[in-house]
Amino acid sequence: MTSVTSLTDQVHQRLANALTATLPEAAADPLLRRSDRADFQANGILALAKKAKANPRDLATQVVASVVTGDLVKDIEVSGPGFLNITITDQAITRNLAERYADDSARLGVPLAEHPGTTVIDYAQPNVAKEMHVGHLRSAVIGDALVQLLEFTGESVVRRHHIGDWGTQFGMLIQYLDEHPGELDHGDAEITGEEAMSNLDRLYKAARKLFDSDEEFKTRARRRVVDLQAGEPNTRAAWQKFVDESKIYFFSVFEKLDMEIRDADIVGESGYNDMLDETCRLLEESGVATISNGALCVFFDEIKGPDGNPTPLIVRKSDGGYGYAATDLSAIRDRVFNLKATNLLYVVDVRQSLHFKMVFETAKRAGWLNDDVTAYQLAFGTILGKDGKPFKTREGVSVKLEDLLDEAVQRATAVVRDKAEKVGLTEREIVDNGRDVGIGAVKYADLSTSAVRDYKFDLDQMVSLSGDTSVYLQYAYARIQSILRKAGEARPSAHPELELAPAERALGLHLDQFGEVIAESAKEYAPHKLTAYLYQLASTLTTFYDQCHVLSPDNAPEVVENRLFLVDLTARTLQRGMALLGIRTPERL
């Protein structure tokens with residue numbers, strides 16, 4: 001792996017050296033940023049001049065005189081009250097990109113984080129014996145992208161899928177299965193995810209009907225909850241059948257989403273059952289939790305209910321049962337002390353924000369979270385329909401996630417098929433590309449929106465070849481592959497001696513920002529910043545196409561090679577960036 005220092009960092013260091021030479025006693029931060037007036041602008045001199053009680057323009061002029069120019073910096077000028085506008089050389093741009101291009105590790109020269117830690121990401125949390133709906137989409141897609149981003153920066157990532165596999169509803173299901181044996185037995189036959197969900201749905205409806213109409217069955221079902229919590233072998237074996245059947249379904253949905261979900265990473269509510277007593281004991285003995293009306297509670301002065309009284313976090317109910325708080329606090333203990341996590345990240349619906357605020361504060365009071373171990377909820381917004389209301393069917397029920405994904409693939413396949421004859425795609429390519437475009441469209445629409453915001457689900461727009469869509473980026477990648485195939489004997493090769501056209505410079509400078517954007521997106525848990533970068537990259541590429549013909553017979557051979565080098569590096573950057581978002585890039589589209 002070859003780490004490449006970005007042009008931004010190189011210019012920053014060059015200016016910092018000049019600032020130190022001018023004001024040795026000052027903290028030399030040039031406050032460098034990209035600019036539309038030059039390649040970079042430095043604003044830090046104004047603050048330094050104020051501290052030094054100096055004229056900012058005079059100070060800026062002295063700094064300019066100390067900047068070494070020629071190899072990196074082409075021109076530097078004082079602007080306004082003391083800004084510095086910096087233009088770098090064409091040779092520096094090309095040499096920097098050539099170093100990235102030469103990195104054969106597929107990292108494109110992007111360095112690893114200086115101080116990586118261990119992050120546990122809690123995401124993709126379906127419920128056993130229940131169908132996944134559109135509400136499960138955001139946690140899965142956002143969480144998977146963050147796994148890829150953090151791992152790319154060098155972070156050690158532990159995936160956790162906190163599935164809903166515990167609770168009173170299982171007493172009803174287990175008792176019904178006990179009285180109707182064989183309902184979930186398949187022998188050696190393999191079943192599809194759709195068949196597994198059909199089995200579970202049929203069983204759940206039948207059990208629910210009996211539970212609501214037969215008091216004796218209801219009593220037997222409630223006893224099974226006690227047996228389940230006590231670990232009675234036959235009851236646990238029946239419960240495991242529901243979990244296993246649900247996993248068949250879960251894995252089939254995640255496969256459609258083109259996501260890797262590993263069985264070892266699925267640790268549901270049941271996984272912390274043996275820790276609940278100790279969690280409550282530790283909280284009570286430390287004084288963090290107290291008994292109130294028979295329940296073990298944690299109180300917060302700033303959190304009050306409608307009556308003005310403090311709203312507690314109930315860790316153990318008055319009847320001795322445990323709620324979500326006990327499980328979530330036990331999970332924190334496990335992740336901090338057993339998994340040795342330094343960061344806990346929860347990709348969970350914004351509607352659970354108050355719950356997690358109280359859970360995190362409780363863990364801090366108990367000493368399980370501190371300055372060295374932090375927890376953060378990435379609270380995501382709601383998926384809306386075109387009418388701006390929560391996305392539901394005409395009957396007012398949640399849209400099934402599988403139905404949504406199937407429709408996205410169908411729409412995308414129609415778009416691909418419409419262009420297939422012109423490109424010469426085979427039927428196999430049409431089907432594969434339709435899947436990649438459809439699933440990519442769903443993911444990109446989600447990830448291109450800041451997680452905290454709601455967004456409208458509009459499939460027609462998502463599979464459009466124009467605008468800020470994944471298809472636009474996929475098409476840009478495929479277009480480059482087409483150019484490379486048509487290049488004949490010409491091969492991509494960097495030529496630092498060439499003067500760059502404005503569109504070439506713009507493309508090169510944007511390519512140089514890739515590592516910075518990756519670091520920022522990972523640090524802020526903000527995959528939408530990466531999507532914005534990639535969309536701008538594709539847009540900059542379009543401008544480049546219009547102004548700089550790559551394979552024109554009028555171009556000198558070295559110009560053709562240099563432009564092939566630029567577009568090939570752009571394709572690699574698009575492909576790597578899209579892969580970090582969990583989106584595939586077809587070679588032909």
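Trainee: How many of the 5 residues of strand E6 are buried?

Mentor: The model is predicted. Strand E6 covers residues 156-160 and is mostly covered. A residue counts as buried under 20% relative accessible area. In E6 the number of buried residues is 4.

Trainee: Which strands stand at the edges of the open sheet of 4 strands?

Mentor: The sheet has the order E6-E5-E10-E11, with parallel pairing. An edge strand here has a single partner strand, so one side of it is left without a neighbour in the sheet. The strands at the edges are E6 and E11.

Trainee: Over how many bridges do E5 and E6 pair?

Mentor: E5 comprises residues 118-122, and its pairing with E6 is in the parallel sense. Threonine 118 stands opposite serine 156 in E6. The two strands, with helix H5 (residues 137-152) between the names, belong to a right-handed β-α-β unit. The bridges between E5 and E6 number 5.

Trainee: What angle does helix H11 make with E10?

Mentor: Strand E10 (residues 343-349) runs parallel to E5 and is joined to E5 by 4 bridges. Helix H11 (residues 324-338) packs on the sheet and touches E5, E6 and E10. The direction of H11 makes with that of E10 an angle of about 150°.

Trainee: Is glutamate 402 buried or exposed?

Mentor: Glutamate 402 forms a salt bridge with lysine 256, with the closest N and O atoms 3.5 Å apart. The pair links helix H13 (residues 401-423) to helix H9 (residues 233-256), 146 residues apart. Lysine 256, at 31% relative accessibility, counts as partly exposed. Glutamate 402 has a relative accessible area of 13%, so its class is buried.

Trainee: Which helix holds both arginine 365 and glutamate 361?

Mentor: The side chains of these two residues meet in a salt bridge, 3.3 Å from N to O. Arginine 365 and glutamate 361 are 4 residues apart, about one turn of the helix. Both lie in residues 353-365, helix H12.

Terms used: Residues numbered from 1 in each chain as written. Predicted model: local features only at pLDDT ≥ 70, side-chain atom pairs only at ≥ 80, totals over all residues. Heavy atoms only, no water. Buried < 20%, exposed > 50% of the residue type's maximum accessible area, 1.4 Å probe, protein only. Pairing = 2+ DSSP bridges. Right-handed = clockwise from strand over helix to strand, strands pointing away. Contact = heavy atoms within 4.5 Å. Axes fitted to C-alpha atoms, helices over the stretch in contact; angles between N-to-C directions. Salt bridge = Lys/Arg side-chain N within 4 Å of Asp/Glu carboxyl O.
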